Structures are given as C-alpha cells and as structure tokens.
Amino acid sequence: MTVLRKNLIDGEWLGEAGSRNINPSNTNDIVGEYASAGPEQAKQAIAAAKAAFPAWSRSGPLARHAVLKKTSDEIMARKDEIGRSLAREEGKTLAEGVGETIRAAQIFDFFAGETLRLSGEMVPSVRPGVGVEMTREGVGVVGIITPWNFPIAIPAWKIAPALAYGNTIVFKPAELVPESAWTIVDILHRAGLPKGVLNLVMGKGSVVGQAMLDNPDVNAISFTGSVGTGKRVAAASVEHMRKFQLEMGGKNPLVVLDDADLAVAVDCAVNGAYFSTGQRCTASSRLIVTDGIHDRFVEAIKERLDKLVIGDALDAKTQIGPVVDQNQLKQDEDYIAIGRQEGAELAFGGDRLERGAPGFYLQPALFVGSTNAMRISREEIFGPVANVIRVKDYDEALAVANDTPFGLTSGICTTSLKHATHFKRNSEAGMVMVNLPTAGVDFHVPFGGRKGSSYGPREQGRYAMEFYTTVKTAYTFAG
Ligand code: NAD
C-alpha cells in the first residue's frame with residue numbers, strides 16, 4: 001500500500017493526495033503519495049508561524065535544546081532506514097544516503113549545543129552612567145525553500161539554526177524529494193515543538209514557493225536551488241524589504257598541476273565530478289590540468305570510470321546511482337550533445353545505460369580538448385559530466401579557474417606549498433580545497449560561495465547566526 005504524507009500546518013497534518021514520488025532507480029516503484037499545498041495553505045502556514053513566534057522566541061534555551069537534541073538522537077538511531085529511503089527517492093547510493101542522514105543528525109546536535117551558548121555583549125556608553133547591551137534576537141517567520149539534491153542535509157542545516165535562534169518556520173521542500181522532508185518534520189513535531197513553530201507545505205514551487213515570496217509576513221527566506229529561482233527570491237524579498245540568503249549553482253574548478261600526486265588527483269576528480277551522480281552544487285565540473293600531467297591524468301581517470309559500478313541506488317555494490325529524473329537526464333544529454341557540437345572530444349561515456357529495472361541511468365561522461373569559453377565550461381550541467389581544460393602552467397590554471405560567473409568551491413592538487421598557498425589566497429571561491437575533492441565539507445564551519453553562487457551571510461556552523469538573528473542595541477541610564 002502506498003503511504004500518504006500530509007502537510008503540517010499549525011500542528012495538524014492536513015491535505016489530500018496531490019503528487020506521487022517515483023524511485024529514479026526503478027520507475028515502477030512508487031515511494032509514496034504526498035499532499036500538495038495551494039496558496040491558501042501556504043497563507044495558513046505563514047499565519048500559524050507568525051502566531052507561534054512570540055512564545056517560541058521567548059522560550060528558554062533548554063526548551064529548544066531538548067527538541068533539537070531529541071531530533072538528532074532519533075535521526076541517528078534511524079540512520080539506515082532514513083538513508084535508504086533517501087537513496088530510494090533521490091537516487092544517490094545507500095552509503096551516500098546514510099552518510100547524508102548522519103550529517104543531518106550531527107547538524108541538529110551542533111545547533112542543540114548552540115542554544116546553550118547564546119551570548120551578547122555589554123559595553124560602557126560614551127555617555128557616563130549609560131550602559132549599552134548588544135543582544136541577538138530571532139528574525140521572525142523564516143521561509144525555507146530547498147532543492148532535491150540533498151533532501152535531508154540542506155533542510156537540516158536551515159531548520160536547525162532557525163529553531164535554535166528562536167525563529168518559526170514555513171518549510172517548502174523540492175517536489176522530487178518529499179519523503180525525506182516529511183520525515184524530518186515528523187521527527188521534529190514528535191520531539192515536542194509547539195504548534196505552528198514548524199510548518200511543512202509540500203507542493204509546486206510556482207504555487208507554494210511563490211505564495212511564500214509574495215507574503216509580507218515572511219520575515220526572512222533561506223533558499224538553496226538554481227540561479228533562476230534564486231533571482232526571483234531576491235527580487236520578491238527586496239520588494240518586501242525582507243532578509244534573504246541564496247545558495248545557488250556552481251561550475252567548480254579542480255586544478256591539477258604537474259607536481260600533483262596522480263593517485264590523489266584522480267581520487268579527487270572522480271569523487272568530486274561523479275559521486276552523487278555529479279548532482280552536487282560543489283561538483284568539480286571543470287578539470288583544469290597542466291601539460292606535463294595531462295595525458296597520464298586523462299588515462300588514469302578513464303580507467304577509473306570504466307571500473308565504476310553504475311546501478312540501482314539501493315544495491316550495496318553501486319557506486320553511482322541514476323540521474324534524479326527524466327528532465328535532469330535530458331539536460332545532461334543535451335549538454336553532452338552541446339559539448340560535441342562545440343568541438344570538445346568525448347573521451348569517455350555519455351551513453352544511457354540499461355539496468356534490470358527502468359531507471360534514469362547515464363554513463364559518466366568525460367570531455368577532453370575543451371576550452372573555458374565553451375558552454376560546457378560556463379553553464380552548470382548538474383550531472384555526471386566533466387570536461388578537461390588543458391593549460392600550460394599554474395598561472396594559466398588559476399586564471400581559468402577564476403574565469404567563471406560562479407564561485408562556490410575550487411580545488412587544487414599539488415605537492416607545492418607555494419602553489420597551494422597562492423591558490424588558497426587567490427581563488428575567487430567561497431571554499432577552497434587542497435588535495436581534496438571540491439565536494440565534501442564539514443558541518444561545523446561556514447558554507448557558501450561568491451559571485452553568482454551565493455548571496456547573503458554564510459550557512460552552517462556559528463556563522464549561521466548572522467542570518468537567523470538580528471542584533472539589538474539597548475541603552476540604559478540607571479540614574
Ligand atoms: P530549483 O531552483 O528548481 O528549485 C529549488 C526550490 O525552489 C524547489 O523547492 C522549488 O520548488 C522552489 N521554487 C521553484 N520555483 C519557485 C518560485 N517561483 N518561487 C519560490 N520557490 C520556487 O532548483 P533544483 O533543481 O531543485 O536544485 C538544483 C539547483 O540547486 C542547482 O543549481 C544546484 O547547484 C543548486 N544547489 C545549490 C547548493 C548550494 O549550497 N550552493 C546546494 C544544493 C543545490
């Protein structure tokens with residue numbers, strides 16, 4: 001029997017079946033049925049969050065700590081089951097699904113701790129006898145809009161700090177991954193959140209998401225997704241003078257220098273470009289390689305790609321799962337065709353694969369002979385497709401790495417301290433990796449990018465406070 005998951009509005013599970021969730025590894029497998037909210041439900045959810053804010057924002061740190069800690073504990077205890085369900089609906093491998101679930105538990109644990117570490121400052125005023133206090137307060141109703149590629153980690157890294165700092169939430173997850181979203185909300189709800197503090201409105205971005213953007217009672221919006229939608233969030237937020245934070249696309253460079261350890265460079269490239277089916281904003285889609293190592297690097301990558309096991313996400317042997325859906329598969333194939341038309345050479349893969357069940361399987365694709373001016377170098381593909389750009393030396397590599405409208409992550413593989421240090425200082429990205437894949441970050445430190453990749457304060461770690469709180473400066477004259 002197919003499960004029916006409802007929306008959570010003002011503490012009540014509401015709604016009728018509106019959409020189905022399909023397993024991309026086997027399109028005959030229906031994960032569940034989900035309520036689809038309309039503008040009226042979005043409005044009710046926002047009103048509920050607004051009504052719940054005064055009490056929740058004044059609740060003591062212990063109340064918030066208890067909910068976040070309990071949530072972390074339950075997610076961790078159910079990591080295998082939740083990770084499996086995540087892999088089933090999104091198509092990432094079991095190991096990646098469980099790993100992401102553990103990450104979500106760690107994030108709730110981190111922010112449970114942060115509730116007990118809230119602090120302010122007290123300074124003497126320039127006027128004798130007057131004291132000045134600086135404190136942080138919750139922003140109000142926070143709209144959280146998330147993409148499909150990290151179905152539990154991204155909601156966790158927005159919901160946990162929002163709650164920890166006393167905000168109330170209207171959460172709209174991506175249509176493709178409602179099960180993970182529903183699971184996290186169900187756990188938080190049962191962990192004891194007062195009604196209205198966290199509301200779930202599953203449904204279409206153009207309907208529910210847009211209703212959130214247009215509602216003046218949403219005081220802040222944290223958005224992760226594509227650049228196009230991010231710009232809509234920005235424009236609507238400026239209109240309402242609300243705080244907003246955007247995490248968007250990437251076209252992340254991995255530089256490989258002649259002096260790199262070849263095995264390390266190949267590991268970084270294969271992991272960064274192809275794991276999670278290349279569907280990571282931090283994926284290394286541009287491999288910028290110097291002349292002296294270029295041919296050995298390309299041969300070694302092809303050998304590794306040839307051995308990768310591509311298949312059903314729920315099969316423990318699978319290393320690369322399917323593409324998330326038909327639309328994304330078409331986009332990947334279109335870009336493979338564009339790369340060929342532009343004159344790049346497809347050195348490996350790019351074909352659709354047949355597996356036991358009907359699914360969206362694509363062989364990882366590697367282009368060589370590409371330039372940084374080609375569309376495959378400039379536009380985010382968001383699939384298992386990477387291209388090698390050959391350069392003569394470090395200086396050219398750095399220039400090519402920075403020549404992009406994006407700036408999320410970057411990486412360099414080298415044994416030269418001088419080049420590694422120079423790259424860390426001069427890369428125009430928010431996160432820089434040395435001898436590590438461009439994807440794969442810690443949960444307790446800031447996450448975010450520059451240029452077209454991000455806008456607003458950083459997410460995660462203590463830096464999340466910047467977005468989810470507002471500063472109050474209070475003056476007291478005690479006589
Ligand atoms: P998307 O922009 O299509 O959708 C993101 C969310 O916005 C979804 O919940 C969607 O329903 C909603 N939405 C769509 N139209 C809307 C509207 N008019 N108003 C309000 N909300 C609306 O992105 P996607 O395809 O789900 O995700 C892939 C993108 O996300 C890629 O570009 C990827 O790089 C990016 N991403 C970025 C990061 C990061 O941290 N930088 C992390 C993960 C994914």
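This report covers the ligand, the pockets and the cavities of the structure above. The model is predicted.

**The ligand and its shell**

The ligand sits in the largest pocket. Around the ligand stand 28 residues. The closest are Thr146, Ser226, Thr229, Met248 and Glu380. By class, this shell holds 13 nonpolar residues, 10 polar residues and five charged residues.

Three elements each give the shell at least two residues: α7 (205-213), β11 (220-224) and α8 (227-239). The most comes from α7, which supplies four residues.

| Residue | Part of the residue | Ligand atom | Distance |
|---|---|---|---|
| Thr229 | polar side-chain atom | oxygen | 2.7 Å |
| Trp148 | N or O atom in the side chain | oxygen | 3.0 Å |
| Gly205 | polar backbone atom | nitrogen | 3.5 Å |

On its own, the ligand has 860 Å² of accessible area, and the protein covers 89% of this.

**The largest pocket**

How much space lies in the largest pocket? The volume is about 940 Å³. Its lining counts 35 residues. Pro147, Trp148, Gly225, Ser226 and Thr229 are the closest to the centre of the pocket.

Some names return here. Ser226 and Thr229 are among the residues closest to the ligand, and both are also among those closest to the centre of this pocket. Trp148 is another of these central residues, and its side chain has an N or O atom 3.0 Å from a ligand oxygen.

Four elements each supply at least two residues of the lining: α7, β11, α8 and α11 (326-342). The lining divides into 14 nonpolar, 15 polar and six charged residues.

**The second largest pocket**

The second largest pocket holds about 410 Å³ of space. It is lined by 18 residues, and Arg103, Phe150, Arg280, Gly440 and Val441 are the closest to its centre. Two elements give two or more residues to this lining: α4 (94-115) and α5 (153-164). The largest share belongs to α4, with four residues. The classes here are nine nonpolar, four polar and five charged.

**The cavities**

Next come the cavities. Rolling a probe the size of a water molecule over the atoms shows where empty space is left. How many cavities of 30 Å³ or more does a search of the whole structure find? It finds three.

The largest cavity has a volume of about 90 Å³. Its lining has 14 residues, and those closest to the centre are Gly278, Ala283, Ser285, Glu380 and Phe382. Six of the lining residues are nonpolar, five are polar and three are charged.

Technical notes: Residues are numbered from 1 along each chain as its sequence is written. This is a predicted model: local features need pLDDT of at least 70, side-chain atom pairs count only at pLDDT 80 or more; totals for chains, interfaces and linings use all residues. Side-chain values use heavy atoms; hydrogens and water are left out. A residue is near a molecule or strand if one of its heavy atoms lies within 4 Å of it. A polar contact is a pair of N or O atoms within 3.5 Å; within protein, one must be able to donate a hydrogen and the other to accept it, and residues adjacent in sequence count only if both atoms are side-chain atoms. Accessible areas come from the Shrake-Rupley method with a 1.4 Å probe; for residues, only the protein chains shown count as cover. On a 1 Å grid over the protein atoms alone, a cavity is a set of points where a 1.4 Å probe fits but cannot get out, and a pocket is an open set with protein on both sides within 12 Å along at least five of seven lines; lining residues have an atom within 4 Å of a point. A molecule sits in a cavity or pocket if more than half of its atoms lie within 2 Å of its grid points. Ala, Val, Leu, Ile, Met, Phe, Trp, Tyr, Cys and Pro count as nonpolar, Asp, Glu, Lys and Arg as charged, and the others, Gly among them, as polar. Grid points are joined across faces, edges and corners, and a volume is the space filled by probe spheres set on the points.
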